[in-house]
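Here is a short report on how the chains of this model meet and how parts of them are built.

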Amino acid sequence: MLDSKVPAGPLAEKWSKHKFNMKLVNPANKRKFTIIVVGTGLAGASAAASLAELGYNVKTFCYQDSPRRAHSIAAQGGINAAKNYQNDGDSVFRLFYDTIKGGDYRAREANVYRLAEVSVNIIDQCVAQGVPFAREYGGLLDNRSFGGSQVSRTFYARGQTGQQLLLGAYSALNRQIHKGKVKSYTRHEMLDLVKIDGQAKGIITRDLVTGKIESHEAHAVLLCTGGYGNVFFLSTNAMGCNVTASWRAHKRGALFANPCYTQIHPTCIPVTGDHQSKLTLMSESLRNDGRVWVPKTKELAAKLRKGELTAADIKEDDRDYFLERKYPSFGNLVPRDVASRNAKEMVDDGRGVGKTGVAVYLDFAEAIERLGEDTVRAKYGNLFDMYAKITDENPYKQPMRIYPAVHYTMGGVWVDYNLMTTIPGLYCLGEANFSDHGANRLGASALMQGLSDGYFVIPYTVGDYLANLGSFAPVDKNHPAFEQTRKEVEENVNKLLALRGTKTVDDIHKELGLIMWEYCGMARTAEGLTKAKGLIQNLKKDFWTNANVLGENEEMNMSLEKAGRVADFIELGELMVDDALNRAESCGGHFRLESQTEEGEAKRNDEEYAYVAAWEYKGENQPEVLHKEELIFENVKLTQRSYK
Amino acid sequence: MNLTLKVWRQKNDKSTGQFVTIQAKDIADDMSFLEMLDIVNDDLTRKGEDPIYFDHDCREGICGMCSLVINGRAHGPNQGTTTCQLHMRSFHDGQTIVIEPWRAAAFPVLKDLAVDRTAFDRIQHAGGYVNINTGGVPDANTIAIPKVIADEAFESATCIGCGACVAACKNASAMLFVSAKVSQFALLPQGQTERYERAQAMVDQMDAEGFGNCTNTGACEAECPVGIKLTNIARLNREYLSAKVLSQRDIHA
Amino acid sequence: MSSKSKPLFSSSLGKKLIMSLTGLFLCMFLLIHLIGNLQLFNNDAGYAFNKYAVFMTTFPPIKVVSYLLYASVIIHAIYALVLTLKNKSARPVGYNQSAGSANSKWNSRNMGILGTVLLVFIATHMSNFWWKYHNDQVPYIEYKTDLKTGQQLEVRELTANEFTVYSVQVENGIETVQARDLYKQVDFAFQSLPLVALYVIAMAALAFHLIHGFQSAFQTVGFNHKRYIGCIRTIGVWLFGVIIPVLFALMPLYFFFKG
């Protein structure tokens, strides 16, 4: 049984008490410690900056050419905070409750409460940094509402909230780089974790420009490397997003929790063809004013697909606003998993629209009539422009076509209340960990979690670990573990470079994506998952015999970069399937067809599955071992989620 | 459609490069420009040739990683569009497309079409921030900021740092980039305390990086994929000159 | 953040400021110069123009300004060179394809070429008129005018021996003026087709230089606001880009066709 190290006491006091009980590092001693931060998105940049401000020496690593390009930048809609500026009944407890409920009761209460508690500090911090949030005419901050909640608590900067928050964190990071407290390594990829006496003491990286394999030592290592949505090949993640850092840490002993929890975002631009390299999200905020519909009959849908009719030709009576119909109280603002599943249902029912028939409409005609085109443009202009650029259609004149796409992964490296993994000294923050969103993340909560972990949690908890190390001595660079791990990395690189098959790495990645989407996507069955496991195992063999990895290590080598990442995705894919197979219930984004209510909603099995499934790596081609962390709910009553 | 690509190939930052002609076959209209390059790269890989290295990441126009000068235009022929959002419907069958990296002394070519843009980061290190620590800040609604000011600051803050302004400028000047950041903080109350030091520090670093001078041709504004305006450059000039001439702050002890 | 040590003019923005201020100063001069030179169109055998020439070369404040003017031309040219060299070094490897016309105006990209034309023009212009005037290489003239009626009674060329110094004498309501006849020199010079052509070309260059330069100078000193920029652009285009160059260009053409 895993120890989550959640402190005792009433929920609302846990974090305050814990902060007091943790040991501190004397300011003069902080500079004797070095901390490695891998990934420079919201979690990484905020953690690195905050730790450097405290006096620690920090090294940051990112694969992009600048920390500012981490994929947090693409988050559009907003960030939640329980400020209750709108006087609409919001509170820390309500944000906590909405998040736990939205996550379908599969998250750890104490973590979620802490997240809600520090959410208010995040907004203060970002505003002080100069993040230009949207404001009312009176000069105070504006809010909007988001899926899964009935209050307006989402702060936003037009459709570029993630960008503005990341640039805020990046600016804080820059300040520390300028002061010499942070050394920033860009175009570097972490390829392994170095452990000494069971503790994380450094990492091995590859310089993506020169190919140099380097060792970096530190007293603690923070993985802030984001999610693994690219296991599906097509997702809203950036092309470079990968699981490699987390996965290599997993192989070194960090448990990986709930890998099957993936979020399929309902409002993405549909796939157009095989050439497609990624999917583009249209912010959930669009559902505030857009109405989702398909034609009532298959016949009409067929005519739409053939182009015999356009959306405008479908009479009001012939339209099925299915979310409004099925969920009158939340309407188009139901949580993402519910919205996605319903869209899939419509498409499976033969009522999908667009040339491929794999899309539903998101219609703004009513909003444009009610608010005027200018107001709609002011609210969503950049999203509409983006849609027009990609599809060559004008969303002011005809409804958008949308379809769900992989967007976020709730699962990740298992961490305790202190965000420490099962390897002492190794922490995991942001999307890369599993902790706060249960089986489904609510909109505008990812930014909140990343910054909460980085600005307000890790600066306290990492200090406790370092204070308890009992020594201020620098990490021994010459310890054989560094040389040993570096050699293993080099061997792996050489193994990849030796592959001279007939398939490109992308070919194999696409095959993996199709398997995952088909069998481990929006709807899963025991039969399908079992089949998928076999397919993935075969694909793994295929990769290691038929992949083609060109070039050499000592250069910028795109094939090599991709190959390493895809090899890890294949292994992760198998674990996801195992996890999905193990969890014979439906919850949040994990929908097992065998487990649904009469109305077709996800049906949990709290008796058997109210636990975190954390998997332990046991070696090449060995089955992973399941560890359970029991989820105990003392402050919320587990109910069947209902958004009707 | 079928296209002829003339692509700049360069092994690394030490070697000299040259243009290589490559055919792109069966390209669909609704592919993005980078997806077209993906297909070309797949073909090259299958033939055992080194794929073309180009920078890209989010492919939704926000990370600023993608670049490319396409037929003489930074981010290609369409206005307000990054290369990743440029679609092949903007080209026609049989067209020859010349693809070059950003060209500037401050942006050395690393390989093929990828350049080193860390000069931008170093400019930001010099002063692109508000000097505050985490925690201990006032409540977010303590300062009211007029909506028009917040919106104007936001317009400047949307810069994605791609470097198209430098690439498009005949002088390889980075003024639009620098001015966007300086503007954001010059407008907002949070940026006032270090307003003048910031402008000076960032301009000094910009000059040290070897960018050219602004001659107000407006090419940067025209090619900026997110519509950063020339008014930012005027504001930077104002901030800098007033820092140097009118508002020089010192302790007279 | 601390960066106060560097002197203003060592920075790129400081150098640009010099370009802007000298440029605006030269624009102002152009306006004054034009107003004065419009006397050339007076049908008075150069009476007003020659008096104006004397005023311009002898009135002390104008003399001071004129030195500032010479300095401005030189500084403007030198800094243009310095900035251009820096700009060239900022892009050591150029583009194979460049589509400058797609994102900017031709004149804004070629201010250096236009400026060089203007520099050649200024040198020619100064040696033709300024140099000759200052070194007694122009003819002399005497005007007799009835002050009551304002009627010109007599205009007479003087020989070098007859002329000593610029003088104005009034006797019985008749004014006698003896002066250097720059007007004649102008008339003479503009009989040459190549020179007239150079002037017309130079004024075209001036027009394009100022259409960009005038508003660019305001941008460089930091003056760019939605509400006023339209006005500045209009002045830049119509006054400095059209009216002034056209009127200047008409002067050589007027003398050339007048014969």
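Of the 2 pairs of chains in contact, chains A and B share the most contacts. Two residues are in contact if their C-beta atoms, placed from the backbone, lie within 7 Å. This is a predicted model, in which local features need pLDDT of at least 70, side-chain atom pairs count only at pLDDT 80 or more, and totals for chains, interfaces and linings use all residues. Residues are numbered from 1 along each chain as its sequence is written, while chains are lettered from A and ligands numbered from 1 in the order in which they are written.

**Chain B and its two partners**

The contact between chains A and B takes 66 residues from chain B and 66 residues from chain A. On chain B, the elements that give two or more residues to this side are α1 (33-46), β6 (109-111), α2 (118-127), α3 (147-157) and α5 (175-187). Helices (H or I, at least four residues) and strands (E, at least two) are DSSP runs, numbered from the N terminus.

Towards chain C, 47 residues of chain B are in contact with 40 residues of chain C. Here the elements of chain B that give two or more residues are β5 (96-100), α6 (195-208), α7 (219-223) and α8 (231-246).

Ala, Val, Leu, Ile, Met, Phe, Trp, Tyr, Cys and Pro count as nonpolar, Asp, Glu, Lys and Arg as charged, and the others, Gly among them, as polar.

Chain A and chain C do not touch; their nearest C-alpha atoms are 9 Å apart.

Chain B has 8 helices and 7 strands. Its C-alpha atoms fill a box of roughly 70 × 40 × 35 Å along the principal axes. Of the 253 residues in chain B, 63% are buried (20 or more other C-beta atoms within 10 Å of a residue's own, C-beta atoms being placed from the backbone). Among contacts in chain B with a separation of 6 or more, 69% join residues 24 or more positions apart.

**A helix pair in chain A**

The axes of α16 (526-546) and α17 (558-582) of chain A come within 9 Å and cross at roughly 160°. Axes are lines fitted to C-alpha atoms, for helices over the stretch in contact, and angles run from 0 to 180 degrees between N-to-C directions. α16(A) and α17(A) are therefore roughly antiparallel (over 145 degrees). The residues of their contact divide into 12 nonpolar, 3 polar and 3 charged. Those of α16(A) include Leu529(A), Ile536(A) and Phe543(A), and those of α17(A) include Ile570(A) and Val577(A).

**Strands in chain A**

An open sheet of 3 strands has the order β6-β7-β8 (chain A), with antiparallel pairing. Two strands pair if DSSP finds at least two bridges between them. β6 (188-196) and β8 (213-217) of chain A stand at the edges, each with a single partner strand, so one side of each lacks a neighbour in the sheet. The twist averages 30° from one strand to the next. β6(A) and β7(A) pair over 8 bridges, and His188(A) has Asp207(A) as its bridge partner.

Elsewhere, β20 (611-616) of chain A pairs with β21 (625-630) of chain A in the antiparallel sense over 6 bridges. Tyr611(A) stands opposite Glu630(A). β20(A) also runs antiparallel to β10(A), joined by 2 bridges.

Key:
Parallel < 35°, antiparallel > 145°, perpendicular 65-115°, else oblique. Buried ≥ 20, exposed ≤ 12 C-beta atoms within 10 Å, placed from the backbone.
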